[in-house]
Every structure is written in C-alpha cells, then in structure tokens.
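Here is a short note to keep beside you as you look at the structure. Please take the points in order, with the chains open in your viewer.

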Protein chains: 2
Amino acid sequence: MAVISPSRRVRRTPFTPGVEAAGVKGYTVYNRMLLPTFFEGVVEDYRHLKSHVQVWDVACERQVEVRGPDAARLMQMLTPRDLTRMDVGQCYYVPMVDETGGMLNDPVAVKLAEDHYWISIADSDLLLWVKAVALGYRLDVLVDEPDVSPLAVQGPKADELMARVFGEAVRSIRFFRFAMLPFEGRYLAVARSGYSKQGGFEIYVNGSDIGMPLWDALFKAGEDLNVRAGCPNLIERIEGGLLSYGNDMTRDNTPHEAGLGKFCNTTSAIGCIGRDALLRVAKEGPVQQIRAISIDGEIPACDRPWPLMAGGKKVGQVTSAARSPDFNTNVAIGMVRMTHWDAGTKLEVETPAGMRPAMVQDKFWI
Amino acid sequence: MAVISPSRRVRRTPFTPGVEAAGVKGYTVYNRMLLPTFFEGVVEDYRHLKSHVQVWDVACERQVEVRGPDAARLMQMLTPRDLTRMDVGQCYYVPMVDETGGMLNDPVAVKLAEDHYWISIADSDLLLWVKAVALGYRLDVLVDEPDVSPLAVQGPKADELMARVFGEAVRSIRFFRFAMLPFEGRYLAVARSGYSKQGGFEIYVNGSDIGMPLWDALFKAGEDLNVRAGCPNLIERIEGGLLSYGNDMTRDNTPHEAGLGKFCNTTSAIGCIGRDALLRVAKEGPVQQIRAISIDGEIPACDRPWPLMAGGKKVGQVTSAARSPDFNTNVAIGMVRMTHWDAGTKLEVETPAGMRPAMVQDKFWI
C-alpha cells in the first residue's frame, strides 16, 4: 500500500504527537486534516473498542462557529431540521442541504448560547457555504473556524475514565447533551456523543495548547482500564449503521435517500434553503434509500462504489463494506432503488474481485 | 510511514488504474481525491521530469463549472483580477477571495464561451462558496462539478509527445491558452499550462470513460521518449516558486501577502466581493510576504509551519521545503515580515529536528 506524504496542507492536529507515539499505522485525510484509521489492526482495534475504552483524535471534525444576532436564523437556513426547540447545552444531528435538497454535510450542531453555535462538521468545507450564505443574505453573524478540536472517548469504560478526569458530573450528561466542565482551569464542552455504538463522549478541546495535556491525563487515568489510542472503526460503524458523508451519501443525495427523513421537518423548518425541494421529496418519497446489506465471500477494501445488480440491471450501489468478526458476514451500507429495497431481497454486488451474493437486511446489526 | 487507507470518500480518478500500474508509492489527498506524490522517488522523479516527459494524474484539480447569463458577473465577483479582457480560449490564474480579502483558492479560470467557464481549483471546496454566492445574489447561473479531469503532460519533451497524439496544432498553443482538439472523436480543451517550470500541457479530459484510453495512447506514443508516470514534484515546484494553496497561503492571507498583487486589479475589478478590503491592502501594502528561503543543513519533511526567527523573535514561517540536488541547498517557501524580508537577510528556522540557518533570497531558483 502507498504511504501518505507529509505536508502542511494536510494538517496535523493538537493530538498528533500522541497518535504517533501510540504507533498509528494508517491515516485518511478528513477536512484536510489527518485522521487515524488503525493502530494495531482494524480487527484488533474493533475488539478492543467493544471491550475497553479508547481515546480518538477526531480533531478533523472541524467547527464552523456561528455567532451574532442572526445566528439562529442562519442555522435554520442551513438545515431542514426544526431548530426552534433546541436548548442551550444540546447537540442536534442536522443534515445540511443546498437549494435542491442535496446534502452538503451531516454535522452535529452544538448550541452554546442563543446567539452562538458550533457546527461540528463531516468531510466537506461547509465553512465556505455558511460564509457565503451569510454574505449573500446580509446576515449579522460572524462565521469562522475556531481553534476547537474534538477528542472522543469511546467504549464501555468511557464513563469510568471520563469521571476520573472530569469528575462524577460526566455520568449524568444525557445523550446528545453537553456540560461545560473544567480541565486545567479551562471550561470545555463535554458531550455524550461519538461515532461509535459503544457509548462515550466527545470533548470539544478549546485551544490547541491543552490538547496533549488532556490526552496524557486520559491515558494516565486509564492505565488500569486498558485505555488505548483508537479511531472510528470501519467494521463497528458499518455494523451500527453510522453513515459517512462522502462515502455513503454525497451532494447527489437528499436526506430522505440517506434515511434521514426523520430529521427533516419540512413543514416547520421555515427559512431552510432547501425546503421547497424537500417538500417535494417528502411528498413523493425517495426512489432509492440507504440499506444495510450483507455480502457473502471474500471482498476487497471498498474504495469505490460497487454496483448492486439484479437480473443484470443496476439497482443500487454499496459504498462501505467490511468483514465483521462478530456477525460472521460482510457488513455493508448501500443505496438501493425502491424496486429492490425490501428486506430479504437477494442481489449481487460487483466488486473489483468479482460478483458476490448480497442481501438487503431489515436493519443494521447493532 | 503510515499507509493511506482506501475509501470511497477519498475518490479514485479516471487515471488511477494507470497510476497503480506504474507503481505509485505515495499519495496525498487533494480535493478529497487521490493525488500521487512519487513513483520511483522524489529525487529520481525530479531528474526524469527535467530531462524527459511525464504524464500526471491531476484529476484532483476539480472543475467548478459556471454557465448562464450571469456567468461573467459571478466570475468577477469571485476574484480581484480584472476579467473584462479575458478571451474565449484563454486561461487566467485568478486568486479568489472572501469579503475580507482572504484567499479561498488560487485556481485557473478557463473561458469556454462568453457565458461558460471552468474554474480549475486548488485544494478547497470552492464549489460550495460559488454555489452559495450565486444563490445569495440570485444570479442566473448553473454551478456544478462536471465530469472533467485534468491530465498533465510535463517536461522538455512534452511538445513532441503531445504532437504525436493530438497533432502538430499543439505546438502553436500559446502559454495559458487552450485549443479544442479531438481525441477518439471527442474535442478536449488542451491548454499550455501545468504545475511545473519544465513546460507542457494540461488536457481537460471531458468524460471519465476516455481517461485510460488517453493515458494509454500517451504512453504508447512516448515509448522512445522515455515517458513515465509522474506527479507535481515537491523539489521542482519549490525551486520554481510555484505556490501551493493550503501549504504556502491559506484563508488567513491576502493575495498581496502571497506575492500575487499583480493579479489584483482592485481599481477595475468592479463587483469583486473582496474589493473593499483589498483596496485597503493595496494602499497600505502587506506587512508580510512570500519569499524564497534557503536553509542549510539536514531538514525533515515540512509537515507543519516552521517558525522563522531573528534575534529570538518570530518574524515568519516556512511552509514548504526540500533538498535541491541541482542547487545544492534546501529550497523553501516562507512568509516573512517586512522587517526581515529583504534579500540577504539571515534568519534561523525552527524545524522539529532543531534550529537551522536560513537566508532570504532575491528570487526563486528558476
């Protein structure tokens, strides 16, 4: 496999020294920043994640900060999810769409104050979209990328580890809520969230200077918990049906196609830029949608869309796939046309290594 | 060094099969797409580039297509360079800026017709900016990413190789002009341009399906020219002072700081979004600017900004650096404060491997 070449353009994170010391073996690039992909091995990391606790450098989840009198108005322009009842201290998963309803990102919005939000983004330069919308609509807001880098603590022992570093208060943080908790005299937003199904937290590290001190504090406190450096795990996230923007859906797809219709309040999300287009989609329903897919046989790494075939016709595509040790099959995420999306439908998937039998599942594995 | 993990999100290009067959050893990610960084080795590739001819997969230079009655107006909104005299068939290097004059990209604009442009972008999702500007200002334009992938042919034998595939007409294409030339019955824009100082062309391959046929045709025609797969070469581009957006300048910098003031016609570029801010910059001049920097001693790969120091004070930073065999020094690009930017100024650069002597040069090496 080819190495990744170093450059300033592919940014290091505040935690990269820790990641390197932990022996990272693979990277991807996410928002023009390094994101580790495995340490011991994808399978070894997966087993450890499900049993212990891991610290993840997810600084590449960059923040788009929106602040000012028009902040709430701008936020509602960006997403079809109704934000009127969002509380300060709450996180919302918010599909963001263009004027045609095409997805531009699927970030988590973090409400810090009535006039102050962070948008914790997936892999696209959403900052440029938000800045230009604010400019074009002459809104009174500041839009910028602050020096805030998320660090995730994931796994069944995450509560215990976090309580040792941030105090018992972390245990009472509810899902997709955050509390402002002190570390070395600075208050950090600590949210119960993260890109795994094993439970845990994301710490919005406000200021690169305390990145490694926090990393080190977590590892010191977690020695007897078998804490390790980890990262979003390909197998575990597919088992859990956690979508990846750029992999499983792109600007070509509506939120409804991505199975995110429940986050689209098209009747009440007044002001959303893509509302007209999505009202139409909501009325007619999508003609293709994300499904859990099982695949038999040996498969290579999924580095391109794999056509899903039925009777010699293309009826969809697989965009994420991996061998699952726990479920003893290849777990996959695909977009399937409505004619073939019912659970139990038998399909074939065209991988670079050949055709493989596939089946539409009724739900993801966990 | 860590490997780069495959995924659909980090897109393959129409030429990736050729790149892989040629034995690519390193990649970076550019516009969420694979960009090779070396084949034999950075030094071996460099020597070959300066002597023969190379074919480069630069599909990651994605196009932002702007088409419609307001296309020219929108293009002028994006850049401080005056576009009023730009001809159909011409390419312009155009810094693009936000409302504060901060650089968002430094693409090449390609004028296909009075109402039809491609913006061949550096590494940022400029598409999102352009789409939102068009939306916010209610312009009558279509903005999208077409299936167009540049393939570069670079090196002293580039004219000869291109003439064999596209005919003698290529020889008369002037610098930063393009001609529409046929390949397998399809007309492709062939421009005299490219990210090296060795001369050559960029072919805007319109349709992924003819990517590998063109790749193969070039290799077949160039056998006796010692044609090889190549890529933008770190050493050669620093020697030549070719800037890299994201490395040498970012959204924090104005075009004037990047030494691109000559492309800013702030008095005549009426309508440019950043014009007010840049009029101020043009009046006062930048307080820091890009300079060629030589560095003595052994240096590591430049994967983060290296502080430039004078008398214990930070006076700038180096963002690209490499050992140059031809000039027998380390060649580098840095941003230096006006107090220390005169040629001959002796500085120190703080690399992760220690302090190294550095000197401001009066110009780049070639």
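**Notes on helices, sheet and interface**

1. Let's begin with a pair of helices in chain B: α5(B) and α6(B) cross in a right-handed sense. This is a predicted model, so please read the values below as computed from it. Helix α5 of chain B covers residues 158–166, and helix α6 of chain B covers residues 211–221. They pack at an angle of about 120 degrees, with their axes 9 Å apart.

2. The contact of α5(B) with α6(B) holds five nonpolar residues, one charged residue and no polar ones.

3. Next, have a look at the sheet in chain B. It is open and has five strands, in the order β6-β9-β10-β5-β11, with antiparallel pairing. At the edges stand β6 (91–93) and β11 (142–144) of chain B; each has a single partner strand, so one side of each is left without a neighbour in the sheet. From one strand to the next, the twist averages 20 degrees.

4. Strand β9 (residues 108–113) and strand β10 (residues 116–120) of chain B run antiparallel and are joined by five bridges. A handy place to start is B:A109, which stands opposite B:I119 in β10(B).

5. Now to the two chains together. Chain A is superposed on chain B by a rotation of 180 degrees with 0.0 Å of shift along its axis, at an RMSD of 0.0 Å. That is the relation of a two-fold axis. Of the interface residues of chain A, 100% are also interface residues in chain B, so the copies meet through the same surface.

6. How many residues does each chain bring to the contact? Chain A gives 42 residues and chain B gives 42 residues. On the side of chain A that touches chain B, β1 (3–4), β2 (26–30) and α4 (126–136) of chain A each supply at least two residues. The largest share, seven residues, comes from α4(A). By class, this side of chain A has 19 nonpolar, eleven polar and twelve charged residues.

7. Finally, please compare the two α4 helices. The axes of α4(A) and α4(B) come within 8 Å and cross at roughly 20 degrees. Angles under 35 degrees count as roughly parallel, and α4(A) and α4(B) are therefore roughly parallel to each other. Their crossing is right-handed. Among the residues that make the contact are A:L128 and A:W129 of α4(A) and B:L128 and B:W129 of α4(B). The contact of α4(A) with α4(B) divides into ten nonpolar, two polar and no charged residues.

Technical notes. Residues numbered from 1 in each chain as written. Chains lettered and ligands numbered in written order. Predicted model: local features only at pLDDT ≥ 70, side-chain atom pairs only at ≥ 80, totals over all residues. Pairing = 2+ DSSP bridges. Helix = DSSP H or I, 4+ residues; strand = E, 2+ residues; numbered from the N terminus. Axes fitted to C-alpha atoms, helices over the stretch in contact; angles between N-to-C directions. Least-squares fit on C-alpha atoms with pLDDT ≥ 70 in both. Contact = placed C-beta atoms within 7 Å. Nonpolar A, V, L, I, M, F, W, Y, C, P; charged D, E, K, R; others polar. Left-handed = near helix turned anticlockwise from the far one by under 90°. Parallel < 35°, antiparallel > 145°, perpendicular 65-115°, else oblique.
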